[in-house]
Amino acid sequence: MNPLISSFLAINPPYWVDTLAKIGIGLVAVLLPTGALVYLFLFKMMSFMQSRLGPMETGPYGQLQLLAEFGKFLQKEDIFPSKADRFVFAAAPFVVLVSTFMLVLVLPGGPDTHFVDLNTGIYFAMAVSSVSVIGILMAGWGSNSKYSLLGGIRAAGQLIAYELPLVLSVVGVVIMAGTLNMKGIVAAQADFGVWFIIPQIIGFFIFMVAVQAELTQPPFDMPVAESELVTGYLTEYSGMRFLLFFIGEFATAAVFSAIGATLFLGGWTVPFVDANAEIMDYIGPLVLAAKMVFIAFLIFWFRITYPRFREDQLQRLAWKFLIPLSLFNIVVTAIFKVVF
Amino acid sequence: MTTDINAEFDITNNEQLRYIAAQAADARVNVELETEGMTLNIGPQHPATHGTLRIVARLDGEQVISAEPIMGYMHRGYEKLTEVRTYPQVTTLINRIDWVGSFANEVPFILAAEELMEVEAPPRAQYIRTALFEMGRIANIMLFLGDMAVQLGGVTAIFYAFRDREFVLNQIESATGGRFHPNFNRIGGVKDDLPAGWIKETKSSMQKVRDFCDEMEDLVVGNEIFQARCRGVGIIPADVAMAYGLSGANLRGSGVDWDLRRDADSPLAWKDLDWKVWTHPDGDSFSRYWVRLQETREATYMVEQLLDGLPAGPVMAKVPRIIKVPAGESYVQTENPLGAMGYYVVSKGELTPFRVKIRTASFSNMSISPWLLEGVLVPDIATILASLYFILGDIDR
C-alpha cells in the first residue's frame, strides 16, 4: 500500500518507484517551505520591519534572489581549516540535515497523504529532532576553532535544556488526543470540536519558546551569537557546507512549524469540512502549509524583534520556569481528562 | 580546576587573591577533573570590536579570568602629522579622529588656537558652532543607541538608527557641505552662514530624532531581555570611574555629575541655554545606555534653543589672511559625544603647530576594560564593550 502515490495517481507502483517518488516528494516537502520561509520572512518581512526593501533587483520583487544566493554559495571555495578533523568537519552538516529530513517523515498532509504512518509519530519526531545536537557538536569540535568550540558547547547545553520543555509541552496534547500518532492527534482535534491551541494554550506557549530555542534563533541564538562568537559553530564553514547548515536551520524551522500546526492548529483539517473527506488528501498539504506559514511568522517575528539571552539566563528560563510550567500543564490536562 | 599562575596576576589585588583561593578550593574538589584555561583572541577583526580593537581574554569555560585590550592597530600618527600642517589644514585631519561625530573634533583645537591668537569668534559663529556640535553629538549617539542593541542580538534597532540619523546628517551636510567630515570651523569663526530655510528644516529633524528616542525606549530600553542583559552588568562605581579617568556618559552613568559643557568656562553658547545634565546612579551598562538616550533628547532641545536665540551679525572675526599663531601653549577640553576631548597645542610662532597632544575620550574609557572584564562571562564582553562606546579612531588617533 502506498497511500501517497496511490492517492494522487490511483495506481499501485512497484516498491522502487514508490521509494524514489517519496524521496523526491520529501525533498520538495523540505526545500520548498524552506525557500518560502527564507524569501518571505528572512528577505522580505525582516526588511519591511527594518524599514528597508530587501532584494528587489533579481526578478520581480527579488523573487529570484534565492537562486542567486544558491549560485553564490556553490561558487565559493570549500575551505577546510588546517588541523581540522576533516571527516567530522565534513560530516557535521549532513547529520544536521538528516535530523530535519527524518522529522518530515511523520508529518501527515491528509487522511491518506503521508510518508509513513507511525503509531509513535510524535515520539519519533521528538527523538530525531535531538540528532541535530550531535551534528552541531561535531561542527564545533571538528572546526578546530575556539569560537566554534564555544558555540558548539553552548548549542549542546541549550538544545538539551530545551528538549525537555519541548517534549513536556507535547505531552499535554498527547493526553488530550489519547494517541501518539500524528494523524490520530489531528483526528482527535476534529472530534474535539476546537483545535488544541484553545485548551492547550500554555502548552502552545511552551512549545513555541522551546522551538525557538531548538532552532537557535534569537532570542536564543547564543550558539551563533555573532557579536560574541563571530558565528559560533558556523565560523569555519563556507560555500556548500555553510549552505547545508543554512538549509538545515530554516528547514527545521519549517518542519517544527508544521509539527506545531499539526499538534495545535488541527493539521490538515479545515473547520466545517469533514476531516476524512477525499478532497482533504489534495488540499490538506496546502492547508498544512498555510498553518505552517502562520506559526513560522510568529517564530520569525520574535527572531527579528528580540535581543538575545545570556547562557545562564537561558538555562534558568528552561529549568526554573518552562519545565515547572509544563509539568503544571500536564497535571491540569490530566485532571480535566479524568474528570470530564 | 587549575589555572595558569603565570598569567598576569597582581598579588596586591585582593580580588585576584580571592579568585586564586577559590580556584585552589575547586582544585581540591576536582582533582580528577583536570581542566585548563583557554586564551581567546577577540579581534582585531571581530564584530564586537567594530574596528580593529584586539582583546586577549583568558577564559575558564565561559568566564573571563583576565582580559587585556591591545590598541594601536589603527594608529595613524595624527599628533605627528599636525606638526607639518598649517593651522587651517589641521581641522581636515582631526575630523577623522572620531569619525561618527566629527564636527565636535574640530572645536577644541580651534578654540585652543583662538586662545593663543587672542581672537574670539562673533556670537553668531559661536551659536552655529554649538548647534552643529550638538547635532554631531546626536548623530554620534544615535549610532550607539542602535549599535548597543545589535551587540545584544537585536538587529532591528540599528536600521532605525541609521534611517533617522540621516535626517541629522542631511542638515549637517546642507550647512557645511560634508556629511561626515564637515571641516567647517575656521580660526575666528565658521566658514559660512547658515543656508536659507535651514533653521526650519533642522527643527523638524530634531522632532524626528525625539521620535526616534521614544521608539528606542519602547524597542530597546523597555525590553525585558535587554534589561536582563544590561542591568547589573559591568558596574563601575563612581570612585573607580574617576580613578580611571572616564568621561562623558560613562562617567555620568556612574552617578558623577560632571559635564564640561556646564563645568568648564567655554566661549561656546552652552552657558546661554536651559538644559540639564543627566546622571544615573547605578553605574551598569543599562545606566550608560539610559544616560546617552536622555542626552540625545536633551541635545535636540538644545539645538532648538540655539536656533531660536541665534544672534545676528558676522560669522567670522577679523583674522589675518595667513595665520601665524603666536608662541605659547594652551589646552582646551570640551565635552564631546564620547567624553572629554582636549588638545594641548604648543606654538613657536610659526605657520604650523610645534606640538599637539590630543586627549581622546575613548582611550581613557577603554583603559578601564581589563578591570571591568575580569570575572564576567563571555556574552557580557559584548555588552560591556558596547556600553563603554568607543570609536576606534578615537582610541588610535
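View 1. Domain 1 spans 14-70 and domain 2 spans 78-395 of chain B, with bounds from an automatic or database domain assignment. Across the boundary, 15 residues of domain 1 of chain B are in contact with 15 residues of domain 2 of chain B (contact: C-beta atoms, placed from the backbone, within 7 Å). On the domain 1 side, β2 (54-60) and β3 (63-70) of chain B each give two or more residues, and β3(B) supplies the largest share, six residues. Strands are DSSP runs of E of at least two residues, and helices are runs of H or I of at least four, numbered from the N terminus.

**View 2. Helix α10 of chain A.** Helix α10 (residues 239-264) of chain A has 26 residues and reaches 37 Å from its first C-alpha to its last, close to the expected 38 Å (1.5 Å times one less than the number of residues). Because 19 of its 26 residues are buried, α10(A) is largely enclosed by the rest of the structure (buried: 20 or more other C-beta atoms within 10 Å of the residue's own, these atoms being placed from the backbone). G266(A), with a positive phi near 80°, follows α10(A).

**View 3. Surroundings of A254(A).** Not counting residues up to four places away in sequence, A254(A) touches P33(A), T34(A), L37(A), M292(A) and A296(A).

Residues are numbered from 1 along each chain as its sequence is written, and chains are lettered from A and ligands numbered from 1 in the order in which they are written. As this is a predicted model, local features need pLDDT of at least 70 and side-chain atom pairs count only at pLDDT 80 or more, while totals for chains, interfaces and linings use all residues.

Methods:
Two residues are in contact if their C-beta atoms, placed from the backbone, lie within 7 Å. A residue is buried if 20 or more other C-beta atoms lie within 10 Å of its own, exposed if 12 or fewer, and partly exposed in between; C-beta atoms are placed from the backbone.
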